[in-house]
Amino acid sequence: MQDVNWTALIIFALLFGLITWLGFAAAHWRKGDLDLLHEWGLGGRRFGTVVTWFLVGGDVYTAYTFIAVPALAFGAGAVAFFAVPYTIVIYPFLFLVFPRLWNVCRKHGYITSGDFVRGRFGNRWLALAIAITGIVATMPYIALQLVGIQVVVGALGISGTGFAADLPLIIAFAVLAAFTYSSGLRAPASIAIVKDILIYITAFTAIIVIPIQLGGFGKIFAAVPPQKLLLAVPGPNTTGAYGSYATLALGSALALFLYPHSLTGILSASSSHAIRRNAAMLPGYSFMLGLLALFGFFAIAAGVANLPQYAVGFKQFGNNFAVPALLLHSFPSWFVGIAFAAIGIGALVPAAIMSIAAANLYTRNIHREFINQNPTDRQESQMAKWASLIVKLGALVFILFVPTQYAIQLQLLGGIWIIQTLPSVMLGVYSRWFNDWALLLGWAAGIFAGTAMAVAVNLKPAYPLALGGYTFPGYIAVYTVILNLVLVVVLTPLFNALSARRLPVDQTAEADYFA
Amino acid sequence: MPPGTPDPFKSPAPSGSLWGGRRTHDWGGLAINTSPTKRGGWSWWYLLFVVQFVAVLWPPFYNSVEPRWIGIPFFYWYQMLWVVISAVITAAIYLATAD
């Protein structure tokens, strides 16, 4: 413990104390009966444009993003910048699809994507598939947020093995669990505001100060090895890095808003107009994500990998230590405390939202559907509170006892799985044409193929699809969702013909999708 | 559930005539509302989104170092610029399609 950076740690602890208080106080914000699931799990659907901006931003820009994107730039170079086109491509989907989803969910009291699919397609098994996919895909993501906290805590000098080193993480977990239990979604919504202020302060200060310290952008980019500065030009007969870059951006964009926590952020908005307005305003976060990727290059130029004081950190956390090392190297301790608090709090917000979203899914689409069909309001929200606790505990146990590499691999698989819900959810808001069993089969095929392809390439994101002498390396999620869609389109007329049902079962009306 | 909120778990009734007084086209079950004044309907403005897709999802357009801007290679500042442009495009579409 003798290497602890006390100034930074004190500031870090103070800011954490602030948001702990805020998380509990949030229960009284836009007051509602927290024994109702939509109050606990969706904040009563009352968050206006600005708060929605913070909340959705809190979903999208997680601690793991702040650590992992620069880490990728630090290690692999240009390819990390896929995060920028990824975010550019997200917003049209947000603009076109999600206001409709918001309207229909509000009209019918749907809280989860499982609820929507159940109502739209009338098939409880399809809804179950959607719900399970959502829960399973979210779990590694929560675990990785906790990794973000681990890295900054390690960077503060709290090192060593055993219980003492794990204690900060356990404390953070306990705080998170407590205020999520008591305040539901209002907690991360209020904390997201603090988190974003801290993140913006850190990012904008760093983008101005560090290049000046390092002698300008020209010098920074000169320090990056040439083969990492740009995408590798593809060889003959292959789309090479171009294909993987573009499909990684596109697939990640498609998948993002299918994650339960993104939907929770969206459904908690007070109107569909708030969502559309956000689609124009959220790009502020994209810009920052691009800046973050550049931090990886700043770290290369600052030479932190070779400095002895960071050797322990790099040994323990690998490239994930790049940003903490850069911050420690470039700023006085008090600012480092603020920056690390930004990252740490940036882990708690999405972890809270993710656990609430997973709990909503379990409560509505598994427990209520198959176990207790008629819960009272109180039983339902209690169930969700417990589920959220269990989900977080599972993530904590995972991070404490399982190597981080597994969490990363599971997260990759999770992205491939969650995109298989695209036909039912994203296309389902536009048309009822698809047959529910075809959707289920398409989903199953996508999951199976996606997992197989990922295993075949040792759990890397890109699969080299070989067609007629050409190779098309591409993100597995994109290829498998295409397979999924093709299957759905082919099987729908077939299953409709075989089915005795004359009219498609649909609880929703066309008018429900409009404001 | 709060009073007035429909219970999503009651047995769903088949939907009958739903279209109301709006202009709609029914293409074998795929119904699209084409009146641009109603929020949520199709508008030709949405095709502007294709611009930002093509601009950033085609790496050959921008996979180069030159021309630099304040020392930053083209690959990087081009994509960052498109963040700004796409925000403007989205804002324009929002205003153009708002009621």
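This is a predicted model: local features need pLDDT of at least 70, side-chain atom pairs count only at pLDDT 80 or more; totals for chains, interfaces and linings use all residues.

1. Staying with chain B, how much of the chain is buried? Buried residues account for 18% of its 99 residues. Of the contacts in chain B between residues at least 6 apart in sequence, 31% link residues at least 24 apart.

2. The loop between helix 1 and helix 2 of chain B deserves a look. P67(B) sits in that loop, and the peptide bond leading from E66(B) to P67(B) is cis, with omega near -5°. I70(B) is also placed in the loop between helix 1 and helix 2 of chain B. Its phi is near 40°, a positive value in a residue other than glycine. For background, most residues other than glycine have a negative phi, and most peptide bonds are trans. Is I70(B) buried or exposed? I70(B) counts as exposed because it has 9 C-beta neighbours inside 10 Å.

3. Next, the contact between the chains, which draws 44 residues from chain B and 54 residues from chain A. On the chain B side, the elements giving two or more residues are strand 2 (30–33), helix 1 (48–56) and helix 2 (74–97) of chain B. Helix 2 of chain B gives the most to that side, with eleven residues. By type, the chain B residues that touch chain A split into 30 nonpolar, twelve polar and two charged.

4. Turning to chain A, where is its largest nonpolar core most connected? Of the 203 residues in the largest nonpolar core, F298(A), A299(A), L326(A) and F340(A) touch the most other members. Helix 19 (residues 333–371) of chain A gives the most to this core, with 20 residues. Leaving aside residues up to four places away in sequence, F298(A) touches I210(A), L214(A), I220(A) and L326(A).

5. Helix 16 of chain A covers residues 283–302. Its 20 residues reach 29 Å from first C-alpha to last, close to the 28 Å expected at 1.5 Å a residue. Because 17 of those 20 residues are buried, helix 16 of chain A is largely enclosed by the rest of the structure.

6. Helix 5 (residues 83–96) of chain A has 14 residues and a reach of 21 Å between its first and last C-alpha, close to the 20 Å expected at 1.5 Å a residue. Twelve of the 14 residues are buried, so helix 5 of chain A is largely enclosed by the rest of the structure. Among the buried ones are P85(A), Y86(A), Y91(A), P92(A) and F95(A).

7. Where does helix 9 of chain A bend? The helix has a kink of about 25°, centred on L169(A). The end C-alpha atoms of helix 9 (residues 163–183) of chain A are 29 Å apart, which agrees with the 30 Å that its 21 residues should span at 1.5 Å a residue. Its buried residues include P168(A), F173(A), L176(A) and F179(A). The buried residues of helix 9 of chain A pack against helix 1, helix 8 (124–155), helix 10 (186–214), helix 19 and helix 20 (377–401) of chain A. G184(A) follows helix 9 of chain A and has a positive phi, near 65°.

8. L9(A) lies in helix 1 (residues 6–25) of chain A. With 19 C-beta neighbours inside 10 Å, L9(A) counts as partly exposed, because a residue needs 20 or more to be buried. Not counting residues up to four places away in sequence, L9(A) touches V4(A), L156(A) and G337(A). The C-alpha atoms of L9(A) and A155(A) are 9.9 Å apart, although 146 residues separate the two along the chain.

9. Last, the strands of chain A. Strand 1 (residues 462–467) and strand 2 (residues 470–475) of chain A pair in the antiparallel sense over six bridges, and A466(A) stands opposite T471(A) in strand 2 of chain A. Their hairpin has two residues between the strands, and G468(A) there takes a positive phi near 50°. N458(A) lies in the loop between helix 23 (436–456) and strand 1 of chain A. Its phi is near 60°, a positive value in a residue other than glycine, and N458(A) counts as exposed, with 7 C-beta neighbours inside 10 Å.

Conventions
Residues are numbered from 1 along each chain as its sequence is written. Chains are lettered from A and ligands numbered from 1 in the order in which they are written. Helices (H or I, at least four residues) and strands (E, at least two) are DSSP runs, numbered from the N terminus. The expected span of a helix is 1.5 Å times one less than its number of residues. Two strands pair if DSSP finds at least two bridges between them. A nonpolar core is a set of buried Ala, Val, Leu, Ile, Met, Phe, Trp, Tyr and Cys residues joined through C-beta atoms within 7 Å. Two residues are in contact if their C-beta atoms, placed from the backbone, lie within 7 Å. Ala, Val, Leu, Ile, Met, Phe, Trp, Tyr, Cys and Pro count as nonpolar, Asp, Glu, Lys and Arg as charged, and the others, Gly among them, as polar. The bend at a residue is the angle between axes fitted to the seven residues ending there and the seven starting there.
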